[in-house]
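Hello,

Here is the structure I promised to pass on. Please open it first, then read my notes below with the model in view.

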Amino acid sequence: MIFIVVNFTVKPDHADGWLDLVQPFTDATRNEPGNLWFYWSRAVEDPNLYVLVEAFRDDDAAAAHVQSEHFRNALRELKPALAQTPRIINTTIDGTEWSLMGELEVD
């Protein structure tokens with residue numbers, strides 16, 4: 001799978017409305033056939049930092065995502081709300097699901 005984590009530092013006046021702003025992009029991405037997950041989180045230490053954790057089935061699914069109309073729309077719509085260029089980790093890993101954390105196994 002293609003596993004991606006992106007840090008979005010948003011302008012303070014957009015921080016509380018960020019999830020509303022990204023909702024159309026989120027919904028469209030989650031409906032892509034090759035999307036495995038697409039999760040947003042807000043940093044506890046910095047209310048202006050949002051973290052996106054996403055995964056795609058394979059290179060073809062990731063390519064379809066970045067070539068989609070909703071991706072292009074998001075680039076245009078999100079940029080004015082950003083305080084800085086997002087930081088990204090993009091890598092290929094084996095599997096298509098989350099693994100269980102053995103150190104905290106729950107019966």
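**What I found**

Glu-97 is exposed, because its relative accessible area is 62%, and the cut-off for exposed is over 50%. Please keep in mind that this is a predicted model. Glu-97 sits in the segment after E4. Leaving aside neighbours within four places in sequence, Glu-97 is in contact with Met-1 and Trp-37. The C-alpha atoms of Glu-97 and Leu-36 are separated by 7.8 Å. Along the chain, these two residues are 61 residues apart.

**The overall layout**

The protein has 4 helices and 4 strands. From the N terminus on, the order is β-α-α-β-β-α-α-β. The C-alpha trace spans about 45 × 35 × 20 Å along its principal axes. The protein has 107 residues, and 36% of them count as buried.

**The nonpolar cores**

Which residues touch the most other members of the largest nonpolar core? They are Phe-8, Val-10, Trp-18, Trp-40, Tyr-50, Leu-52 and Phe-56. This core has 21 residues in total. E1 gives the most, with 4 residues.

Another core lies apart from the largest one. This other core has 5 residues, among them Met-1, Phe-3, Val-53 and Ala-55.

**The largest pocket**

About 440 Å³ of space lies in the largest pocket. It is lined by 23 residues, and the closest to its centre are Val-6, Phe-8, Phe-71, Leu-75 and Pro-86. Which elements each supply at least two residues of the lining? They are strand E1 (2–9), strand E3 (49–56), helix H3 (59–66), helix H4 (69–78) and strand E4 (87–92). H4 brings the largest share, 4 residues. By class, the lining has 16 nonpolar, 4 polar and 3 charged residues.

Phe-8 turns up in both places. Phe-8 is one of the residues closest to the pocket centre, and Phe-8 is also a member of the largest nonpolar core.

Is Thr-29 buried or exposed? Thr-29 is buried, because its relative accessible area is 0%, and buried means under 20%. Thr-29 is found in helix H2. The side chain of Thr-29 reaches the backbone oxygen of Phe-25 at 2.9 Å. Beyond its neighbours within four places in sequence, Thr-29 is in contact with Asn-35, Phe-38, Phe-56, His-65 and His-70.

Asn-35 comes next. Asn-35 has its place in strand E2. Asn-35 counts as buried, because its relative accessibility is 12%, and the limit for buried is under 20%. The side chain of Asn-35 reaches the backbone oxygen of Ala-55 at 3.3 Å. With neighbours within four places in sequence left aside, Asn-35 is in contact with Thr-29, Arg-30, Ala-55 and Phe-56. Phe-56 is therefore a contact of Thr-29 and a contact of Asn-35.

**Strand E4 and the segment after it**

Asn-90 is found in strand E4. At 48% relative accessibility, Asn-90 counts as partly exposed. Not counting residues up to four places away in sequence, Asn-90 touches Ile-2, Phe-3 and Ile-4. Asn-90 and Ile-2 are 88 residues apart in sequence. In space they are 7.0 Å apart, C-alpha to C-alpha.

Glu-105 has its place in the segment after E4. Why does Glu-105 count as exposed? Because its relative accessible area is 64%, and exposed means over 50%. Glu-105 and Thr-26 are 79 residues apart along the chain. Their C-alpha atoms are separated by 31 Å.

Best wishes

Notes
Residues numbered from 1 in each chain as written. Predicted model: local features only at pLDDT ≥ 70, side-chain atom pairs only at ≥ 80, totals over all residues. Heavy atoms only, no water. 1 Å grid on protein atoms, 1.4 Å probe; cavity = no way out; pocket = protein on both sides within 12 Å on 5 of 7 lines; lining within 4 Å. Points joined across faces, edges and corners; volume = space filled by probe spheres on them. Nonpolar A, V, L, I, M, F, W, Y, C, P; charged D, E, K, R; others polar. Core = buried A, V, L, I, M, F, W, Y, C linked by side-chain atoms within 4.5 Å. Buried < 20%, exposed > 50% of the residue type's maximum accessible area, 1.4 Å probe, protein only. Polar contact = N/O pair within 3.5 Å; in protein donor to acceptor, adjacent residues only side chain to side chain. Contact = heavy atoms within 4.5 Å.
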